[in-house]
Amino acid sequence: MLLSFGFSQSFGISSHLLFNENQPFWIASNNNGVYKNGSFVNLKYRYNQKYLDYGLIIILPNDQIFLNEAFILVKNNNLFLSLGAKKSDNNDLLSSGSLIESLNAPPIPKISFGIGDFHQLKIFNKSFLIKG
């Protein structure tokens, strides 16, 4: 009998100090709408297991608390269920990107269900690969 399991965990704290209101383009762009309020402290926690992932990113700009990312992801075989606000993992290298989920805005809270990778399906002795 072979028993194996794996998990990973990450925790991070970062700070960004901006002394004037004009942020450079390369700092303000593609950062999920974080830099619009100036300086902040960023707390990030992620926990990954074989069947369960969850994460939390809290941003503290000035005197506010901003929940940038909070999600739970349940995986089993090739299926997944995701609840909460999570950065999109879509690989948009072959297109101009999503018009709804921009990297310049915070993640949208949602419920997602789908097939994580290609899955072979046989119908009338014909093989099909589905993903979605």
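1. Start with the β7–β8 pair. Strand β7 (residues 119–123) runs antiparallel to strand β8 (residues 126–130), and the two pair over 5 bridges. Pairing here needs at least two DSSP bridges between two strands. Strands themselves are DSSP runs of E, at least two residues long, numbered from the N terminus. Lys 122 has Ser 127 of β8 as its bridge partner. The two strands make a hairpin with 2 residues between them. Phe 124 sits in that turn, with a positive phi of about 50°.

2. A word on the basis. This is a predicted model, in which local features need pLDDT of at least 70, side-chain atom pairs count only at pLDDT 80 or more, and totals for chains, interfaces and linings use all residues. Residues are numbered from 1 along each chain as its sequence is written, and side-chain values use heavy atoms, with hydrogens and water left out.

3. Next, the salt bridges. The rule asks for a side-chain nitrogen of Lys or Arg within 4 Å of a carboxyl oxygen of Asp or Glu. The count comes to 2.

4. Glu 69 lies in strand β4 (residues 66–76) and Arg 46 in strand β2 (residues 40–49). The pair links distant parts of the chain, 23 residues apart. Is Glu 69 buried or exposed? Glu 69 is buried, because its relative accessible area is 1% and buried means under 20% (exposed is over 50%, partly exposed in between; 1.4 Å probe, protein chains only).

5. The other salt bridge is between Lys 75 and Asp 53, with the closest N and O atoms 3.1 Å apart. Lys 75 is in β4, and Asp 53 is in strand β3 (residues 52–61). Lys 75 is partly exposed at 26% relative accessibility. Asp 53 is buried, at 10%.

6. Last, the surface. Ile 72, Val 74, Leu 79, Leu 81, Leu 83, Ile 111 and Phe 113 form a nonpolar patch there, with about 660 Å² of accessible area together. Patch residues have over 30% relative accessible area and no salt bridge; nonpolar side chains (Val, Leu, Ile, Met, Phe, Trp, Tyr) are joined within 5 Å, like charges within 9 Å. Areas come from the Shrake-Rupley method with a 1.4 Å probe.

7. Which strand gives the most to the nonpolar patch? β5 does, with 3 residues. β4, β5 (79–85) and β6 (109–115) each supply at least two. Ile 111 belongs to β6 and is exposed, at 66% relative accessibility.

Methods:
Helices (H or I, at least four residues) and strands (E, at least two) are DSSP runs, numbered from the N terminus.
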